[in-house]
Amino acid sequence: EVLVRVRACGVNPVDAKEVVGDKLPGFLRPIARRLVTNGKTCGFDLSGVVESAPAGSTFRPGDEVFGAVPPLRGSFCELARVP
């Protein structure tokens, strides 16, 4: 995993539905809200700067990167762990 300092992240309809929950079917709203309030972060797309990378990685601290994170890992944060 690479640790990325997030400089920008995208907000798409899936993220909005997760955060607000009003567009979800009624039975899913409590689940979505529970995930968000229990520390699960929304967001998929991000761009930023590599803070740290494992030995042997092609990435180096200071590299500017963009990409996506797996669901429920989130990009709405200052630092993101990206596989």
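**Reading the contacts and pairings of a predicted chain**

Modeller: Of the contacts in the protein chain with a separation of 6 or more, 66% are accounted for by residues 24 or more positions apart, a contact being heavy atoms within 4.5 Å. This is a predicted model, in which local features need pLDDT of at least 70 and side-chain atom pairs count only at pLDDT 80 or more, while totals for chains, interfaces and linings use all residues. Residues are numbered from 1 along each chain as its sequence is written, and side-chain values use heavy atoms, with hydrogens and water left out.

Colleague: Which elements does the protein chain have, and in what order do they run from the N terminus on?

Modeller: The protein chain has 2 helices and 4 strands, and they follow the order β-α-α-β-β-β. Helices (H or I, at least four residues) and strands (E, at least two) are DSSP runs numbered from the N terminus.

Colleague: Why is V2 called buried?

Modeller: V2 has a relative accessible area of 11%, and buried means under 20%, with exposed over 50% and partly exposed in between (1.4 Å probe, protein chains only), so V2 counts as buried. V2 lies in strand 1, residues 2-9, and, leaving aside residues up to four places away in sequence, V2 touches V50, S52, A53, P54, F59, A80, R81 and V82. The C-alpha atoms of V2 and R81 are separated by 5.7 Å, although the two residues are 79 apart along the chain. Over the whole protein chain, buried residues make up 25% of the 83 residues.

Colleague: What makes R81 and E1 a salt bridge?

Modeller: The closest N and O atoms of R81 and E1 are 3.9 Å apart, and a salt bridge is a side-chain nitrogen of Lys or Arg within 4 Å of a carboxyl oxygen of Asp or Glu, so the pair meets the cut-off. The pair links distant parts of the chain, with R81 in strand 4 (residues 79-82) and E1 in the segment before strand 1, 80 residues apart. E1 is partly exposed, at a relative accessible area of 47%.

Colleague: How many salt bridges does the structure hold?

Modeller: The structure holds 2 salt bridges, one of them formed by the side chains of E51 and R5 at 3.1 Å, N to O. E51 in strand 2 (residues 45-52) and R5 in strand 1 are 46 residues apart, and this pair also links distant parts of the chain. Both residues are partly exposed, E51 with a relative accessible area of 35% and R5 at 25%. Side chains of opposite charge can pair when their charged atoms come close.

Colleague: Which residues make the nonpolar surface patch of about 290 Å²?

Modeller: F27, L28 and I31 make this patch, and L28 has its place in the loop between helix 1 (13-20) and helix 2 (29-37). Patches are made of residues with over 30% relative accessible area and no salt bridge, like charges being joined within 9 Å and nonpolar side chains (Val, Leu, Ile, Met, Phe, Trp, Tyr) within 5 Å.

Conventions: Areas by Shrake-Rupley, 256 points an atom, 1.4 Å probe, with all protein chains shown as cover.
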